[in-house]
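Visitor: I have a new model open and would like to learn how to read it. Could you walk me through a few features?

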Amino acid sequence: MHIYLPIADLPVNIFLVLGMGLAVGFISGMFGIGGGFLMTPLLIFIGISPAVAVASVTSHIAASSFTGAINYWRKRAIDIPLAMMLLSSGILGTATGVWLFTLLRELDQLDLVIGLSYVTLLTTVGALMINESVQAELRTRRGKPATLRRPGSHTFVHGLPFKLRFKRSKIYVSAIPVWAIGFSIGFIGAILGIGGGFLLVPMLIYFLRVPTATVIGTSMVLTLVTMASATVMHAATNHLVDAVLALILIVGGVIGAQFGARTGQKMRGERLRLLLGLLVFAVGLRFAYELVVQPDELYSIRLVGSE
Amino acid sequence: MARRAFIAGMLLAACTALPAQAERLVVSLSNHRVAVTSNFTGADLVLFGTIEPDRPRGALRNAYDLVVTVKGPPHRLRTRRKDRVLGIWVNVESREFINVPSYLGVLSNRPVPAIANPEIARRLQLGLKNVILTQRVGADFADTVPDDAFRVAFIKLETQYGLYRESPDAVTFLTPTVFRVAIPIPANAPTGSYSIDVQLFAEGASVARTNSALEVVKTGFEQYVADAARDHGLLYGLFASLMALVIGWIGSVVFRRD
């Protein structure tokens, strides 16, 4: 059954899109991530323009992170003051991202920047995750303690001024790295159509030493607000959010995430991180391939406006 | 035999008695309005027409050719070309196509080169090769030569999208003077008014011309969504993110496990 997408301006098979929503939702539920980095490339692959894909996926991520955030809220696993601090700069980052997105589209370089950023981000993060989980696996095989890095050790981050205390996370850190992290996640998310959970969680753990009890819940709040505001900003400036597409994705995603979460709970942490790392790395390679190999068609067309 | 003799006689009479032999085209479109609904996957319109002498008992010729050019609402497109820069493929050069039809169908009963000679075809803009596609080259606005790389790529891409097409078999003559034209409207046809230009040829010369129009409209929900996104972007965005939150919330309630 085909349905016509009013903004993407093309008919798609409703079950295909729903299936994609389910599949990405399943993966996102399993790993506790938004899944934007999978959803956006999939939409581009079925023929939706990168611009519409990025803009529409933001609302999909907003929905799935809201479901997650509510669950973590019930478990009291969200550090509200920390989330607020991250948000204050996150929204600014989102606005900057949407502005740059519009500019790049005007210059015909949006697709390139999306491609290059995906390659850099995904291969780096993927490689780090694979490396880390393999190391952890080897350590447990040898019977050594699981963590070599001592949680209490100090880095340059702890020498920065404007220190603040976050009670629920039991950390005492400078506001500067908090703002910087919030800004960069908002910025990256708006340009690439990703929630940034897979970047934010490691950043919060390594730079701010946020404990695992509050890290995912807090990161979901940031994702939720930056993505919901990115939806509004993309709709208001570029008119590229396809609500019909978003609706199908959201319904599929929310259902898929529940089943994914159940599967994820049955698996071991390291094994899960290794799988996620491989997945992230593979998507990065796919983008690299597209950039390096000569495309079948060198020419492309973009609508500038009606007369 | 008697009929052919009669026609020949009439032809002769026409040549001598009338200042010029002339035909009239009468066409009728099956549907002037194509509605794009949620399950729209394209439509085929049919244009019927007859060739009549422009005065009673006027003469008609033996064989006619018909070229129908359907043009969608004009818009502005940029065609970009990728080149290899530092090992990766980047959009480097681009040209803007101004005031070009968003849909272009050239429908005929046989290939355009067989109907009219290149000179006439160019003058009457017959076929994808001859339709004027204005480009902005620097400060100038002009169409380029037919084999310009950007022009060729532009037409090739539009043809792949199904928006530009040249069908030398879309016109069927049911009798020597009654014809039927199949006008395909693809699923991605832009909305707006389309012009239909019908040109009649005999022995390589244009003998009659008429036109018609059709409209492609988005109806119901699609139109509503597209209008809202364009005219009330902020409100639309707020609605879209509210929708996301409500569904996210419903998800957490329905699947609540604790």
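Predicted model: local features only at pLDDT ≥ 70, side-chain atom pairs only at ≥ 80, totals over all residues.

Visitor: What is the phi of Glu203(B), which is not a glycine?

Guide: Glu203(B) has a positive phi of about 50°.

Visitor: Which loop holds Leu86(B)?

Guide: Leu86(B) lies in the loop between β5 (74-85) and β6 (88-101) of chain B. Leu86(B) is not a glycine either, and its phi is positive at about 50°. Leu86(B) has 5 C-beta neighbours inside 10 Å and therefore counts as exposed.

Visitor: Stepping back, how many helices and strands does chain B have?

Guide: Chain B has 6 helices and 14 strands. Of its 258 residues, 29% count as buried. For contacts in chain B between residues at least 6 apart in sequence, 66% join residues at least 24 apart.

Visitor: In what order do the 4 strands of the open sheet in chain B run?

Guide: The order is β1-β3-β12-β11 (chain B), with antiparallel pairing. β1 (23-29) and β11 (171-175) of chain B are at the edges with a single partner strand each, so one side of each has no neighbour in the sheet. From one strand to the next, the twist averages 25°.

Visitor: How many bridges join β1(B) and β3 of chain B?

Guide: There are 7 bridges between β1(B) and β3 (residues 43-53) of chain B, in the antiparallel sense. To find one on screen, pick Ser28(B): its bridge partner in β3(B) is Phe48(B).

Visitor: And what does the domain assignment of chain B give?

Guide: It gives domain 1 (23-218) and domain 2 (219-251). Their centres, taken over C-alpha atoms, are 36 Å apart. Each domain brings 6 residues to the contact between them. On the domain 1 side, β2 (33-36) and β14 (205-218) of chain B give two or more residues each. That side has 3 nonpolar, 2 polar and 1 charged residues.

Visitor: How should I read two packed helices?

Guide: Two numbers describe such a pair, the angle between the axes and the distance between them. For a case in chain A, take α4 (residues 80-106) and α6 (residues 175-192): their axes come within 6 Å and cross at roughly 35°. The crossing of α4(A) and α6(A) is right-handed. The contact of α4(A) with α6(A) has 17 nonpolar, 11 polar and no charged residues.

Visitor: Last one: how do I read an interface between chains?

Guide: The size of an interface is often given as the accessible area lost when the parts come together. Here we can count residues instead: 50 residues of chain A are in contact with 51 residues of chain B. The elements of chain A that each supply at least two residues to this side include β1 (2-5), α8 (212-237) and β5 (299-306).

Visitor: Which element gives the most to the side of chain A that touches chain B?

Guide: That is α3(A), with 9 residues. By class, the side of chain A that touches chain B has 31 nonpolar, 14 polar and 5 charged residues.

Technical notes. Residues numbered from 1 in each chain as written. Chains lettered and ligands numbered in written order. Pairing = 2+ DSSP bridges. Axes fitted to C-alpha atoms, helices over the stretch in contact; angles between N-to-C directions. Contact = placed C-beta atoms within 7 Å. Nonpolar A, V, L, I, M, F, W, Y, C, P; charged D, E, K, R; others polar. Domains from an automatic or database assignment. Left-handed = near helix turned anticlockwise from the far one by under 90°. Buried ≥ 20, exposed ≤ 12 C-beta atoms within 10 Å, placed from the backbone.
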